[in-house]
Amino acid sequence: MDWSDIRIFLAIARAGTLGAAARSLGLTQPTMGRRLRALEESLGHVLFQRTSDGFILTDEGSTVLARAERMEQEALGLERELAGQEHELEGTLRLSCSDWFGLHILSPILADFSLSHPRVVVELLTDTRLLSLSRREADLAFRIRRFSEPDVVSRRLMHIGYNLYTRSGTPWPAPGDGAGYRIVTMDEAFAGMPDVEWLMRTFPSATIAMRSNSRDVQATLCAGGVGLAVLPRPLGDATPGIERVDLPVSPPGRETWLGYHRDLRRLPRLRALLDMVIARLAPVESSSRDPSVKFGP
């Protein structure tokens with residue numbers, strides 16, 4: 001049994017289709033199909049039921065899945081342990097964060113880091129998905145919620161204020177109604193976010209003009225006069241053509257957390273990047289506010 005075929009099996013089981021699984025591994029769809037057939041032939045069992053909606057695990061496939069995931073954990077654990085023993089500032093670091101945070105907060109820091117450590121290649125993945133640190137989908141992640149995964153070292157990094165913005169020079173709305181105004185907000189999958197709930201509560205009669213899960217898109221739409229938008233201040237203040245709307249009560253801000261797998265805590269290139277990020281973004285006193293926040297040695 002070839003471990004690379006097991007990786008393909010796991011990708012298909014998680015994605016549900018050959019196309020999505022192929023994209024996740026950087027392979028072609030025909031290659032994925034050929035390797036899956038080879039695995040099934042070597043095992044003597046059909047692992048997936050092929051349907052019009054995608055691939056569904058058979059009973060035999062479910063049995064293989066449980067074992068394959070344990071194989072994956074061992075293989076990834078070996079990778080992380082060996083990576084954590086590297087001593088040179090070279091290699092790849094994969095970072096995960098939201099699109100606006102990567103563009104407006106991290107990019108200037110990463111530019112300086114690249115100039116200081118030219119042999120380290122940083123891959124910055126801006127995605128709404130929470131990439132797995134255990135499976136090394138990312139080495140370092142930045143999120144607006146606490147990390148819940150086991151074996152992840154995390155700490156609070158910074159507080160980010162949010163504000164209501166409008167196109168520069170347009171009348172400001174009064175809180176409590178919003179009739180006659182249009183708003184740009186997150187898509188319905190993120191309707192429970194604190195700033196979205198604040199916006200709907202503060203302007204219940206406003207009309208939703210457009211939705212997007214991209215904060216940068218929202219800022220551009222706001223600058224184009226489409227409607228009011230609640231934005232992180234580092235993004236809103238840097239966007240030409242929009243201005244803050246001062247209200248008695250501002251939208252709730254968010255805490256940003258960083259986390260990485262404990263097996264990588266001694267990886268020199270990760271430590272070097274962490275030191276630069278924390279020096280730029282985290283006040284010295286912030287780590288003492290919450291005794292439950294841990295930052296590994």
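These legends walk through several views of one predicted model.

**View 1**
Welcome to the overall picture. Residues are numbered from 1 along each chain as its sequence is written, and side-chain values use heavy atoms, with hydrogens and water left out. Because the model is predicted, local features need pLDDT of at least 70 and side-chain atom pairs count only at pLDDT 80 or more, while totals for chains, interfaces and linings use all residues. Helices (H or I, at least four residues) and strands (E, at least two) are DSSP runs, numbered from the N terminus. Along the principal axes, the C-alpha atoms fill a box of roughly 70 × 50 × 35 Å. Of the 297 residues, 45% are buried; buried means under 20% relative accessible area, exposed over 50%, and partly exposed in between, with a 1.4 Å probe and protein chains only. The chain exposes about 15,200 Å², and carbon and sulfur atoms supply 51% of that area. Accessible areas come from the Shrake-Rupley method with a 1.4 Å probe; for residues, only the protein chains shown count as cover.

**View 2. Strand β10 and its two partners, β7 and β8.**
Strand β10 spans residues 228–232, and five of its five residues are buried. Leu228, Val230 and Pro232 point one way, while Ala229 and Leu231 point the other way. In a regular strand the side chains alternate between the two faces of the sheet. Two strands pair if DSSP finds at least two bridges between them. Strand β7 (residues 162–167) runs antiparallel to β10, joined to it by four bridges, and Tyr162 stands opposite Pro232. Strand β8 (residues 182–185) pairs with β10 in the parallel sense over two bridges, with Ile183 and Leu228 as bridge partners.

**View 3. Aromatic rings in pairs.**
Rings of Phe, Tyr and Trp (its six-membered ring) pair if their centres lie within 6.5 Å; planes under 30 degrees apart count as stacked, over 60 as edge-to-face and the rest as tilted. By this rule there are five aromatic pairs. In one of them, Trp100 and Phe101 have ring centres 5.8 Å apart and planes at 85 degrees, so the pair is edge-to-face. Both residues, Trp100 and Phe101, are buried. The rings of Trp198 and Phe203 have their centres 6.3 Å apart and also have planes at 85 degrees, so this pair is edge-to-face. Trp198 and Phe203 are buried too. Ring pairs also link Phe9, Phe48 and Phe55 into a cluster.

**View 4. The nonpolar cores.**
A nonpolar core is a set of buried Ala, Val, Leu, Ile, Met, Phe, Trp, Tyr and Cys residues joined through side-chain atoms within 4.5 Å. The largest one has 51 residues, and those with the most contacts inside it are Phe101, Leu140, Phe142, Leu157 and Leu164. Helix α9 (residues 268–281) gives this core its largest share, eight residues. Apart from it lies another core, of 18 residues, including Phe9, Leu39, Phe48 and Phe55.

**View 5. Pro194 in helix α6.**
Helix α6 covers residues 194–202. At 31% relative accessibility, Pro194 counts as partly exposed. Pro194 and Gly253 are 59 residues apart in sequence, yet their C-alpha atoms are 8.3 Å apart in space. Leaving aside neighbours within four places in sequence, Pro194 is in contact with Pro252 and Arg254, where contact means heavy atoms within 4.5 Å.
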